[in-house]
Amino acid sequence: MPGFDSDVLVIGGGPAGLAAAIAARRKGFHVILADAAHPPIDKACGEGLMPEALDALVRLGVPLPEGAIFRGIRFVEGDVEIDGRFPAGTALGVRRTELHYTLLHAAIAAGVELHWNTPVEALSVDGAVLNGEPVSCRWLIGADGGQSRVRKWMGVRVLDRRVRYGFRRHYQIAPWTDRVEVHWGPGLQMYVAPVGEQEVCIALLSRDPQTRVDAALEFFPDLAARLADAPWLSEERGGISATRRVAAVTQGRIALVGDASGSVDAITGQGICLAFQQALALADALAADDVERYESAHQGIMRRPRWMAELLLLMDQRSNLRAHVLELLARNPGIFRLLLASHVGEFAHSIRFIVSHAPAAVEAGRR
Ligand SMILES: Cc1cc2nc3c(=O)[nH]c(=O)nc-3n(C[C@H](O)[C@H](O)[C@H](O)COP(=O)(O)OP(=O)(O)OC[C@H]3O[C@@H](n4cnc5c(N)ncnc54)[C@H](O)[C@@H]3O)c2cc1C
């Protein structure tokens, strides 16, 4: 490492920063990571790790954290229920703090140099300033979340930013299903993820910053009844669910990962998965000494989740459209399974489905 304190300096030690640090370290780089907070870092989150996120963890060499397996998604509105199982693989509900510990231990085992309680206040000519000390690096990774200062210091423009508000609370109750349930209400959704044998995470997403979990539960009497006697295991915690597109994710020797590099609405349950996939793609680009390669890889990673997020946000905003879509999906569960397969990256299953159903659909169209 001639001339530099490290090959890679990662700013931010959330899921994206730790994954990026582990991936870079596994390519043989010397990696320093700095975060303003101290582990375990908690955050308002629905705490669902989709099948692709688990695949990415395996590729990162990180053991799966403890949690509760779920095998599909269920949409619920009033009497309408649409249920779909993932075509392959399973997903995992994991407490955010548990995920952080798992990633932290993997980073330590990989040999990442970690600096907690270390806010990064400025970039320097060849790195950044940590605790008043300049640290030089060959590559700098901004993994400092949606409000990324690294992104601002780079001068990267935010092209699109739409905000919703998220809150979550844990309840002590045995999960009643191996699905993540998404309950649709007027301008809001509540979703339920199993995260332990006796624990579920309830997350609320809405456009109103004043709405909280208890008020939202009034729209979902069945869910409220289930939770009525369940003790809380955590205080309500809030956060921003942003749809954000940025003009670039690389600039010279600086790259952005995770929410710093743009995000899709939390209703997709894809934020952490995207961060892991970006971390792997970035490490490949660094190993090839070609940071720009990451720019196009990043676009590819974001394409499908963005499309799905737009569809779900449209359903959030237009209740008539939502009613039609839910009715259509309830009558044609195969379409829901197809959308689900596409959402979790099981294109082969989607295509097999289309091929097997296309003749019947064409025939129905002719009649
Ligand atoms: C309500 C809600 C529900 C969600 N549900 C899901 C879900 O079910 N599944 C899913 O996959 N995703 C979900 N998400 C999205 C997911 O939480 C994010 O995509 C994920 O946290 C992004 O990780 P990150 O590491 O990029 O950012 P963060 O988790 O925000 O981490 C950024 C880190 O950078 C540090 N930092 C910031 N500035 C500095 C600085 N100047 N110096 C040093 N350190 C700094 C912070 O301390 C923090 O630790 C949800 C989000 C919300 C709001």
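Two strands count as paired here if DSSP finds at least two bridges between them. Strands (E, at least two residues) and helices (H or I, at least four) are DSSP runs, numbered from the N terminus. By that rule, strand β9 (residues 120-124) pairs with strand β10 (residues 127-130) in the antiparallel sense, over 4 bridges. Keep in mind that this is a predicted model: local features need pLDDT of at least 70, side-chain atom pairs count only at pLDDT 80 or more, and totals for chains, interfaces and linings use all residues. Residue numbers start from 1 along each chain as its sequence is written.

**Hairpins**
- A hairpin of 2 residues takes you from β9 to β10, and S124 sits opposite G127 in β10.
- β10 also pairs with strand β11 (residues 133-142), again antiparallel and over 4 bridges.
- In that pairing, A128 faces V135 in β11.
- β10 and β11 make a hairpin with 2 residues between them, and N131 in the turn has a positive phi of about 50°.

**An open sheet**
- Now look at the 3 strands that form an open sheet in the order β3-β7-β4, with antiparallel pairing.
- β3 (48-49) and β4 (68-70) are at the edges with a single partner strand each, so one side of each has no neighbour in the sheet.
- β4 pairs with β7 (residues 91-93) over 3 bridges, and A68 stands opposite G93 in β7.

**Two helices side by side**
- Two packed helices are described by the angle between their axes and the distance between the axes.
- The axes of α1 and α7 come within 8 Å and cross at roughly 30° (axes are lines fitted to C-alpha atoms, for helices over the stretch in contact, and angles run from 0 to 180 degrees between N-to-C directions).
- α1 and α7 are therefore roughly parallel to each other, a label for angles under 35 degrees.
- By class, the contact of α1 with α7 has 14 nonpolar, 1 polar and 1 charged residues (Ala, Val, Leu, Ile, Met, Phe, Trp, Tyr, Cys and Pro count as nonpolar, Asp, Glu, Lys and Arg as charged, and the others, Gly among them, as polar).

**Around the ligand**
- Of the 40 residues around the ligand, G14, G46, G166, G258 and G271 come nearest (a residue is near a molecule if its C-beta atom, placed from the backbone, lies within 6 Å of it).
- Elements giving two or more residues to this shell are α1 (15-26), β12 (158-172), β16 (237-246) and α7 (271-287).
- The largest share, 4 residues, comes from α7.
- The shell residues divide into 18 nonpolar, 15 polar and 7 charged.

Terms used. Angles under 35 degrees count as roughly parallel, over 145 as roughly antiparallel, 65 to 115 as roughly perpendicular and the rest as oblique.
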